[in-house]
Amino acid sequence: MSFQDAEYMARALRLAEKGRYTTDPNPRVGCVLVKGDQVIAEGWHECAGLGHAEVNALSQLDNVDGAIAATAYVTLEPCSHTGRTGPCCDALIAAGVSRVVVAMQDPNPLVAGKGLKKMQDAGLDVECGVLQSDAEALNKGFIKRMKTALPYVRSKMAMSLDGRTAMASGESQWITSSESRVDVQYLRAESSAILTGINTVLADDPSLNVRLDGAVKQPIRVVVDSELQMPVTSKMLGLSGETWVLTCRSDKQKIVDLEDAGAKVFQLKSFQGRLDLNAVMLFLGQQQINNVLVEAGAILNGALLEANVVDEWVVYMAPCVLGGRGRGLFNLPALEKMVDKKQLNMQSVRQVGADLKLTFMMQ
């Protein structure tokens, strides 16, 4: 990998970032066209159903011969199949591009190396793997869903210095700083769905929507509700966007009432009398959900930790103390011995406002 290749690929990755909040369920992709050491065009994928990054870049050229002998830097392997749009590898070949530098192979089995091979067979010089780790970090959810049929799951929590999420009464607004709460809005914006538990809905009646300026695709709100307790008057049912209620109970009248109020109700299998959380994640993956953000209480977070279905834990720790009667992060009554402890790996620590943002991965 040359310095020049890395430089142009970094530019393509910055372009791909522009679609962070809008491309779902498609991956975020950027493309830079270079000729004679000059950038002649660039583009990124903005929204599912619209032009892909390569096509958008080619459309910026002043004439049809503009890309002849150019190098295309693309953050994801150009597609070789026809979906909502035509194959991007065909567009690059037809445009006369002589070299294509790709950050990573597409994990989608419909593509998975076929685009690279098609371009090589057409005589193009193809290189793959330039800034690959950066490209993978940009599309964690898409990559995981394509490889495992499951979404990438991140749980967001806020706690005091003594590990409490709320007072004993349940009062929790606000433990963390306003800066942390804005940061959470960006976590929401890059998520396909926000998942919470029915206890949180009953206690707080949350909106679970993104409140940011600019173009944002509102995530789907998902409520884990084993007993179908979801009130038809819930605030989130009156908001734009979709609200899904997942349950293992069959109550036809309640389902009709919720659907009349604007919810979509799905019945999934149970495990020990509650919703099977593995079935929940598989269902969400089947609905093309790439990234799930969990905003829930100790009961659901404890169950998710026990089921080992969360990839990343984000904890905002505020410099305050709520006392011994406050509520904790996880409800895990089965843990009684040190040997049973749940071990996490810390990935990063950074300051947000007055708080610390701690990111952990499962070991």
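This briefing walks through the cores, helices, salt bridges and a surface patch of the structure above. Keep in mind that this is a predicted model, where local features need pLDDT of at least 70 and side-chain atom pairs count only at pLDDT 80 or more, while totals for chains, interfaces and linings use all residues. Residues are numbered from 1 along each chain as its sequence is written, and side-chain values use heavy atoms, with hydrogens and water left out.

**Nonpolar cores**

- The largest nonpolar core has 41 residues, and Met 9, Leu 33, Val 100 and Met 119 touch the most other members.
- Its top contributor is helix H1 (residues 3–17), which gives seven residues.
- Apart from it there's another core of 33 residues, including Leu 277, Val 280, Leu 304 and Trp 313.
- A nonpolar core here is a set of buried Ala, Val, Leu, Ile, Met, Phe, Trp, Tyr and Cys residues joined through side-chain atoms within 4.5 Å.
- Buried means under 20% relative accessible area, exposed means over 50%, and partly exposed is in between (1.4 Å probe, protein chains only).
- Leaving aside residues up to four places away in sequence, Met 119 touches Pro 78, Cys 89, Leu 92, Ile 93, Val 100, Leu 124 and Val 126; contact means heavy atoms within 4.5 Å.

**Helices and their neighbours**

- Helices (H or I, at least four residues) and strands (E, at least two) are DSSP runs, numbered from the N terminus.
- Helix H7 (residues 178–189) has 12 residues and spans 17 Å from first C-alpha to last, close to the 16 Å expected; the expected span is 1.5 Å times one less than the number of residues.
- Buried residues in H7 are Ser 180, Asp 183, Val 184, Gln 185, Leu 187, Arg 188 and Ala 189, and their cover includes strands E6 (152–159), E7 (193–197) and E13 (291–294).
- In helix H6 (residues 140–148), Gly 141, Phe 142, Ile 143, Lys 144 and Arg 145 are buried, and the buried residues of H6 pack against helix H5 (132–138), E6, H10 and E13.
- Just after H6, Ala 149 takes a positive phi of about 70°.
- Met 281 sits in helix H10 (residues 277–286) and counts as buried because its relative accessibility is 3%.
- Although Met 281 and Tyr 152 are 129 residues apart in sequence, their C-alpha atoms are 9.2 Å apart in space.

**Salt bridges**

- The whole structure has 20 salt bridges, each being a side-chain nitrogen of Lys or Arg within 4 Å of a carboxyl oxygen of Asp or Glu.
- Arg 11 and Glu 42 form one at 2.8 Å, N to O.
- This pair links distant parts of the chain, with Arg 11 in helix H1 and Glu 42 in strand E2 (residues 38–44), 31 residues apart.
- Lys 117 pairs with Asp 121, with the closest N and O atoms 2.8 Å apart; the two are separated by about one helical turn because they're four residues apart in helix H4 (residues 114–121).
- Glu 17 and Arg 20 also meet in a salt bridge (2.8 Å, N to O); Glu 17 is partly exposed at 37%, whereas Arg 20 is buried at 16%.
- A network of salt bridges links Glu 17, Arg 20, Lys 140, Arg 154, Glu 190 and Glu 312.

**A surface patch**

- Met 346, Val 349 and Leu 356 make a nonpolar surface patch of about 250 Å².
- Such patches are made of residues with over 30% relative accessible area and no salt bridge, with like charges joined within 9 Å and nonpolar side chains (Val, Leu, Ile, Met, Phe, Trp, Tyr) within 5 Å.
- Accessible areas come from the Shrake-Rupley method with a 1.4 Å probe, and for residues only the protein chains shown count as cover.
- Met 346 lies in strand E15 (residues 344–352) and is partly exposed, with a relative accessible area of 48%.
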